[in-house]
Protein chains: 2
Amino acid sequence: MSKQPKRSPQQPAAERPSPGAPAGLNQIPLLQILSAQDRQKVLGEMTETRYGKGDYIFREGDPTEYFHIVKEGSVKCVKSSLDGKECTLKVLMPGDLFCCDASAFDGASHPGTAQPMGDVSVLRMKKEAYFKMLRANPDAAMEVIRYLGNRLNEAQEKAKVLALDRADQRLASLLVSLAERSGIKDPNGIRVTVRLTRQDMANMVGVTTETAIRIMARFKKDRLVTGTAARLVIRDLPKLKLLAST
Amino acid sequence: MSKQPKRSPQQPAAERPSPGAPAGLNQIPLLQILSAQDRQKVLGEMTETRYGKGDYIFREGDPTEYFHIVKEGSVKCVKSSLDGKECTLKVLMPGDLFCCDASAFDGASHPGTAQPMGDVSVLRMKKEAYFKMLRANPDAAMEVIRYLGNRLNEAQEKAKVLALDRADQRLASLLVSLAERSGIKDPNGIRVTVRLTRQDMANMVGVTTETAIRIMARFKKDRLVTGTAARLVIRDLPKLKLLAST
DNA sequence: TTCAAAACATGACAATAGTCATGTTTTGTT
DNA sequence: AACAAAACATGACTATTGTCATGTTTTGAA
């Protein structure tokens with residue numbers, strides 16, 4: 001619920017055709033499913049683009065032309081309201097697909113904005129080529145159905161949390177899923193590798209920055225977490241889980 | 001945010017194999033896409049079941065065995081929290097698919113409960129047959145991808161509204177989408193054909209029943225709507241749209 | 001038609017979260 | 001190392017929504 005920063009759209013930092021079979025691609029289930037031959041063909045149609053702080057991958061309302069996959073780094077999907085408040089719908093990680101969905105049909109436009117969180121690398125291909133590939137590969141189509149189904153369940157779970165839970169419970173839920181999705185072991189607990197400020201967290205759970213700060217301060221006092229954006233550590237996952245579902 | 005009614009699970013009122021080519025099926029895009037031959041085959045694998053008030057089509061946590069399509073009437077998808085509050089994620093109308101998604105893979109269980117709103121008729125088929133059909137019919141698979149993509153966008157739009165808007169705005173949004181999705185012309189405006197109590201509306205927008213009642217009373221006073229559950233009429237759609245996005 | 005259950009309604013008060021103001025600390029450049 | 005920008009923090013006050021209690025109206029089934 002922060003004010004939307006009025007930043008001018010910037011061009012991506014670098015762009016080049018993706019090489020034959022680079023490392024990192026084995027984190028992408030959709031590509032793993034294809035035969036080596038089809039994978040080569042698809043990679044030939046994909047372009048790798050790097051983005052950095054302040055870039056936009058695309059913005060709400062832009063026409064949908066490409067299908068995207070996150071290769072490295074994380075990407076956030078954001079929507080904003082007319083009065084400048086914004087909410088983060090989802091943080092995409094390597095292997096995640098975006099614009100794999102309905103907005104890519106019918107020449108529609110993007111329902112939200114995609115922004116890199118730090119340095120990221122994204123693969124993309126023309127949506128026509130993507131659809132053609134899916135038609136020709138039932139395995140790939142089934143994988144996309146599975147993936148979209150998971151995303152739908154996740155989005156509905158998020159809606160449920162927003163509809164029913166208090167701010168502190170929503171924040172606890174967020175911390176739990178961060179620990180599970182991007183946590184690594186740390187002497188004091190679980191370190192969250194995605195860098196998230198209090199404002200980022202606020203936007204993810206639908207509260208103001210001040211509220212997120214106050215609640216995180218309480219969590220810190222209660223020894224549930226330590227540190228801020230760069231070095232956020234979950235110290236008591238079980239208690240956070242309990243709080244999230246109480 | 002009403003207390004969850006503790007009703008015992010009931011068996012469906014009637015069950016019979018679906019006949020060859022009954023009326024009503026032309027409202028179902030997924031079936032329309034198939035060739036006449038494939039459609040016959042699929043219909044042969046589907047069972048039509050009728051449900052009535054108080055029935056459950058399935059409940060949160062039940063194992064997923066079937067893929068479903070709404071044929072007649074409306075079905076609500078509900079999730080509840082441990083302390084008995086519940087929220088309605090989506091009202092499905094004829095042609096809508098459910099359990100077409102990830103919960104049907106991996107022998108997972110239903111992430112929510114499906115309840116008939118009044119009398120409904122639902123087609124279902126074993127999930128294995130459904131997946132087989134999709135593999136064999138790229139058109140059908142593409143249609144499911146398109147459908148799931150739309151559902152995902154819708155769910156994310158809902159999450160945005162829950163995260164950013166006030167209770168009155170959320171209710172206004174609901175009324176607008178009801179008018180558009182299930183409204184018919186009426187001398188005084190647009191009549192909503194789905195029967196929804198204030199409590200149903202409350203569950204759909206994440207507020208208490210009392211809050212929904214108070215806000216609807218204000219809308220009535222301001223001549224934006226008239227009537228209750230059985231005969232809800234939208235009198236001033238433009239003003240509701242304005243309120244929803246202000 | 002009657003009657004009970006459900007839905008609708010409203011007031012008083014409490015809890016939660018937002019707003020605005022102000023100040024401190026941290027971070028990331030030059 | 002210095003400095004500006006961003007992030008974090010906190011207090012005081014307000015707005016919104018929830019909670020609980022109670023009563024009226026409507027609906028649907030016997």
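In chain A, buried residues make up 54% of the 246 residues, where buried means under 20% relative accessible area, exposed means over 50%, and partly exposed lies in between (1.4 Å probe, protein chains only). This is a predicted model, in which local features need pLDDT of at least 70, side-chain atom pairs count only at pLDDT 80 or more, and totals for chains, interfaces and linings use all residues. Residues are numbered from 1 along each chain as its sequence is written, chains are lettered from A and ligands numbered from 1 in the order in which they are written, and side-chain values use heavy atoms, with hydrogens and water left out.

Chain A has 8 helices and 10 strands; helices (H or I, at least four residues) and strands (E, at least two) are DSSP runs, numbered from the N terminus. Of the contacts in chain A with a separation of 6 or more, 73% come from residues 24 or more positions apart, a contact being heavy atoms within 4.5 Å.

### Helices H3 and H4 of chain A

Two packed helices are described by the angle between their axes and the distance between the axes. In chain A, the axes of helix H3 (residues 127–136) and helix H4 (residues 138–164) come within 5 Å and cross at roughly 110 degrees, which makes H3(A) roughly perpendicular to H4(A). The axes are lines fitted to C-alpha atoms, for helices over the stretch in contact, and angles run from 0 to 180 degrees between N-to-C directions. Angles under 35 degrees count as roughly parallel, over 145 as roughly antiparallel, 65 to 115 as roughly perpendicular and the rest as oblique.

Which residues make the contact between H3(A) and H4(A)? On the H3(A) side they are A:Tyr130, A:Met133, A:Leu134 and A:Ala136, and on the H4(A) side A:Pro138, A:Ala140, A:Ala141 and A:Val144. By class, this contact has 8 nonpolar, no polar and no charged residues, where Ala, Val, Leu, Ile, Met, Phe, Trp, Tyr, Cys and Pro count as nonpolar, Asp, Glu, Lys and Arg as charged, and the others, Gly among them, as polar.

A:Ala140, found in helix H4 of chain A, is buried, with a relative accessible area of 0%. If its neighbours within four places in sequence are left aside, A:Ala140 is in contact with A:Leu30, A:Ile33, A:Leu34, A:Met133 and A:Leu134.

The buried residues of H3(A) are A:Lys127, A:Ala129, A:Tyr130, A:Phe131, A:Met133 and A:Leu134. They pack against helix H1 (29–33), helix H2 (36–45), S3, strand S6 (113–126) and H4 of chain A, together with H4 of chain B. In chain B, the buried residues of H3 include B:Lys127, B:Tyr130 and B:Phe131, and H4 of chain A is among the elements that cover the buried residues of H3(B).

### The interface

How many residues of chain B are in contact with chain A? There are 42, and they touch 42 residues of chain A. The area buried between the chains is about 4000 Å², of which carbon and sulfur atoms give 71%; buried area is the accessible area (1.4 Å probe) that two parts lose on being put together, summed over both. B:Met142, B:Ile145 and B:Leu164 supply 17% of the area that chain B buries against chain A, more than any other three residues.

### Salt bridges

A salt bridge is a side-chain nitrogen of Lys or Arg within 4 Å of a carboxyl oxygen of Asp or Glu. The structure holds 28 salt bridges over all chains, and the rule finds 4 across the interface of chain B and chain A. Some examples follow.

| Lys or Arg | Asp or Glu | N to O distance |
|---|---|---|
| A:Lys79 | B:Glu157 | 2.8 Å |
| B:Lys79 | A:Glu157 | 2.8 Å |
| B:Lys76 | B:Asp200 | 3.6 Å |
| B:Arg146 | B:Glu143 | 2.8 Å |

A:Lys79 lies in strand S3 (residues 66–80) of chain A and B:Glu157 in helix H4 (residues 138–164) of chain B, so the pair joins two chains. A:Lys79 counts as buried at 5% relative accessibility, whereas B:Glu157 is partly exposed, with a relative accessible area of 33%.

B:Lys76 forms its salt bridge with B:Asp200, and this pair links distant parts of the chain, with B:Lys76 in strand S3 (residues 66–80) and B:Asp200 in helix H6 (residues 198–205) of chain B, 124 residues apart. Both B:Lys76 and B:Asp200 are buried.

B:Arg146 and B:Glu143 are separated by about one helical turn, because they are 3 residues apart in helix H4 of chain B. B:Arg146 is partly exposed, with a relative accessible area of 22%, while B:Glu143 counts as buried at 9%.
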